[in-house]
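Grab a pencil and get ready to look at some side chains. Try each task yourself before you read the solution.

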Amino acid sequence: MPEALLAESSEQGHPEEEKWNDEWDYEDDIKESVRQWTYEDYLKLPNDGRRYEIIEGVLYVSNAPNIDHQFTVGEIHFQFKLFLRENPVGYVLTAPFEVHLSEKTRPVQPDVLFIKTDRWSKSGTQLFNGAPDLIVEVLSPSTRRLDQVIKFHAYEKAKVPEYWIADPKTRLVQVFSLNDRKYELIGEFMGDEIIESKVLPDLKITTDSIFNK
């Protein structure tokens, strides 16, 4: 198992990389790694309550999230479920659940993921191979760079059609849609604004309803 390639999720020391910065080269950053983690290495990791993800051969480790993060994940999942009961176009899951985007990016464990009915896996499946139709990541103080930069580029590269980033601190939701293999921001939503989705255009979620009071 590689020894020196464990990247703890942290916002310390990289404030400039948390912004949307076209000058930051995702591929070059990954290539700096001397040794690569594999899925076989992942299977040997302890089941200790932390979230382990491998993105382009780099291992990222996240500690247990706080109450605001979990509240938002739960509300998004709940409101998706309500919508999908009336509109059975797919299924919604929450972490922990493995998603395998590619040979070198597996697993990732999105906070919330939506998969259309025709791509849904049979009962007993332990993971999903390929890009979900929609992914939501909820920011925590320790995962901002991971969600806003590392995963942003990983999901874009894997051609995930839509990516939401929900920030409990600012009570803001950003929605990105894949256009010509690149994510474009289709909206930033706050307060009583309805979050807009291209993948689920009939979904109506009031932004403030997903954040802790």
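This is a predicted model: local features need pLDDT of at least 70, side-chain atom pairs count only at pLDDT 80 or more; totals for chains, interfaces and linings use all residues.

Residues are numbered from 1 along each chain as its sequence is written, and side-chain values use heavy atoms, with hydrogens and water left out.

**Exercise 1.** Find out how many salt bridges the structure holds, and check the pair Asp48 and Arg50.

*Solution.* Start with the rule: a salt bridge is a side-chain nitrogen of Lys or Arg within 4 Å of a carboxyl oxygen of Asp or Glu. The structure holds ten of them. For Asp48 and Arg50, the closest N and O atoms are 3.7 Å apart, and the pair forms a salt bridge. Next, look at accessibility: buried means under 20% relative accessible area, exposed over 50%, and partly exposed in between (1.4 Å probe, protein chains only). Asp48 has 38% relative accessibility, so it counts as partly exposed. Arg50 comes out at 31%, so it is partly exposed.

**Exercise 2.** Work out which elements the salt bridge between Asp167 and Arg144 links, and whether these residues are buried or exposed.

*Solution.* First, the distance: N to O is 2.9 Å in this salt bridge between Asp167 and Arg144. The pair links distant parts of the chain, 23 residues apart, with Asp167 in strand β9 (residues 162-167) and Arg144 in helix α4 (residues 144-157). Helices (H or I, at least four residues) and strands (E, at least two) are DSSP runs, numbered from the N terminus. Finally, both Asp167 and Arg144 are buried.

**Exercise 3.** Check how enclosed α4 is, and find where its kink is centred.

*Solution.* Count the buried residues: 13 of the 14 in α4 are buried, so the helix is largely enclosed by the rest of the structure. Now the kink: α4 bends by about 40°, centred on Lys151. (The bend at a residue is the angle between axes fitted to the seven residues ending there and the seven starting there.) Lys151 also joins Glu53 and Glu137 in a network of salt bridges.
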